[in-house]
Each structure stands twice: as structure tokens, then as C-alpha cells.
Amino acid sequence: MCRTQRRADDAPTDIRSFGHTHVMPSPLDDLLERAFRIEREIEHELNHAREHWRYRIDAGRVRFEQDVRAAHRQLKQSIPAYLRESNPLHLLVAPVIYSLIVPIAILDIWISLYQAICFPIFGISRVRRDAYIVFDRQHLAYLNLIEKVNCGYCGYANGVLAYVREIAGRTEQYWCPIRHAKRVRAPHPHYREFVDYGDAAGYQQQLPLLRAQLRDEKTAAEP
């Protein structure tokens with residue numbers, strides 16, 4: 001082998017791959033795709049719980065079979081007993097927990113206005129709020145009124161944050177669909193479509209395609 005040929009073969013990897021076009025999936029793409037499939041399989045298995053716990057959803061309302069609902073009522077704890085058995089510190093910090101309803105509600109309103117104003121301009125499909133903010137735990141007969149209020153609040157707070165995360169994820173895909181050099185824990189679903197960090201040519205080629213995807217984007221949580 002001649003010296004010239006050897007130098008070409010030993011060229012640094014970053015020089016040879018600088019023009020990478022992001023056409024071929026990388027091992028990271030394969031891992032993210034596999035994780036996405038596992039997530040969908042878990043969701044599919046969770047749907048079988050309806051049959052196991054014997055309930056159905058009828059016109060948006062959860063309906064248990066009559067004997068199951070009767071058994072649930074027998075397990076409901078009275079409010080006096082619930083308060084008596086509660087940790088006193090839990091009662092003291094309850095106002096702090098519920099005070100978060102103010103910033104969460106403002107965030108809910110503000111992010112809804114943001115996508116209503118900006119998404120049509122960007123050409124991004126709107127995120128369905130009701131696919132993320134769900135109220136259905138009040139139908140559980142084994143919960144007393146305090147527990148139902150607590151569950152409703154938790155469902156609203158976490159639903160708003162998931163709703164905001166989806167809107168933010170679509171925004172990031174439109175403006176900066178580039179993976180980070182450092183590991184990101186629990187990234188939003190759009191992140192797996194992003195271009196590798198440092199792939200300059202791939203970014204230029206994929207940005208119009210990733211933006212076009214958002215015009216017909218469907219919420220994963222939608223039925």
C-alpha cells in the first residue's frame with residue numbers, strides 16, 4: 001500500500017463525515033425508534049386493563065359494571081376518617097400545593113394563546129388540549145370528595161405540563177431540531193426526529209422536511 005493511500009485511509013473521521021446528509025439512520029436513531037415502539041406496546045397493554053377491571057367509556061364517561069361499583073363504594077373512606085388518619089404535616093402544606101393552581105392556570109391560558117396566534121403563522125398543526133388534560137377520576141366510587149378533588153388537581157397540573165411540553169416540542173422541531181451533545185433525560189417525542197449534533201449538512205437538508213411534518217402532526221395521546 002502506498003503512503004498516499006494510507007494517509008487517505010487514516011483521515012480523521014470528522015473530515016470524512018462532515019458532509020453526512022442524515023439519510024441513513026444512525027445507531028442512535030435505531031435505539032430511539034425501538035424505545036418508541038416499546039412505549040406504544042406498553043400503551044397497548046395498558047388498554048387491556050379496561051377488560052380486567054371491568055369498565056367501559058360511554059360518551060366520555062367511565063362506567064363500571066354494577067357489582068364492581070358497589071364493591072368500590074364499600075371501600076370508600078369517610079372524610080372524618082381520612083382527615084383523622086392523615087399526616088398533620090400534609091394538611092399544613094396543602095395550601096402551598098394548591099397555590100400552584102395560579103401559575104399553572106396562567107401557563108395553561110398563555111400557552112393556549114401562544115399556539116392559537118403563532119402556530120397558524122408557522123404552519124404547525126394545533127395541539128388538542130383535551131388529549132392531555134383529562135378529568136375522569138371523579139368516577140371512581142372508592143374515592144371520597146377530598147380524594148377526588150386532589151386527583152382532579154393532580155390530573156389538571158400534570159395534564160397542563162404535558163400539553164405545554166407537546167407545544168414546546170413542536171416549536172423546537174420548527175426552529176431548532178438539533179439533538180444536544182449531552183444526554184437529555186426523557187426528551188419529548190419529537191426529539192427522536194432531530195438531526196445529530198454537529199451534522200451541518202443534515203441540518204440544512206432536514207429542516208424543511210421536519211417543518212413540513214408539523215403541518216400534519218397528530219398528537220400521540222389522541223384516540
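**View 1. Phenylalanine 122 in the predicted model.** With a relative accessibility of 19%, phenylalanine 122 counts as buried, because the class requires a value under 20%. The structure shown is a predicted model.

**View 2. Tryptophan 175 in the predicted model.** The relative accessibility of tryptophan 175 is 47%, and this residue therefore counts as partly exposed.

**View 3. Aromatic pair of phenylalanine 122 and tryptophan 175.** The model has seven aromatic pairs. In one of these, formed by phenylalanine 122 and tryptophan 175, the ring centres are 5.4 Å apart and the planes stand at 90°, an edge-to-face arrangement. Phenylalanine 122 belongs to helix H8 and tryptophan 175 to helix H9, so the pair ties together parts that are 53 residues apart in sequence.

**View 4. Cluster of aromatic rings.** Phe122, Tyr174 and Trp175 are linked into a cluster by ring pairs.

**View 5. Crossing of helices H8 and H9.** Helix H8 spans residues 101–122 and helix H9 residues 145–175; their axes come within 10 Å and cross at roughly 30°. H8 is therefore roughly parallel to H9, since angles under 35 degrees fall in that class. The crossing of H8 and H9 is left-handed.

**View 6. Residues at the contact of H8 with H9.** On the H8 side, the contributing residues include Ile101, Ile104, Leu107, Ile111, Phe119 and Phe122. Among those on the H9 side are Tyr153, Tyr156, Val160, Val164, Ile167, Tyr174 and Trp175. By class, 18 nonpolar, three polar and two charged residues make up the contact. Asp108 of H8 and Arg170 of H9 also take part in the contact.

Definitions and conventions
Residues numbered from 1 in each chain as written. Predicted model: local features only at pLDDT ≥ 70, side-chain atom pairs only at ≥ 80, totals over all residues. Heavy atoms only, no water. Axes fitted to C-alpha atoms, helices over the stretch in contact; angles between N-to-C directions. Helix = DSSP H or I, 4+ residues; strand = E, 2+ residues; numbered from the N terminus. Parallel < 35°, antiparallel > 145°, perpendicular 65-115°, else oblique. Left-handed = near helix turned anticlockwise from the far one by under 90°. Contact = heavy atoms within 4.5 Å. Nonpolar A, V, L, I, M, F, W, Y, C, P; charged D, E, K, R; others polar. Phe/Tyr/Trp six-rings, centres within 6.5 Å; stacked < 30°, edge-to-face > 60°. Buried < 20%, exposed > 50% of the residue type's maximum accessible area, 1.4 Å probe, protein only.
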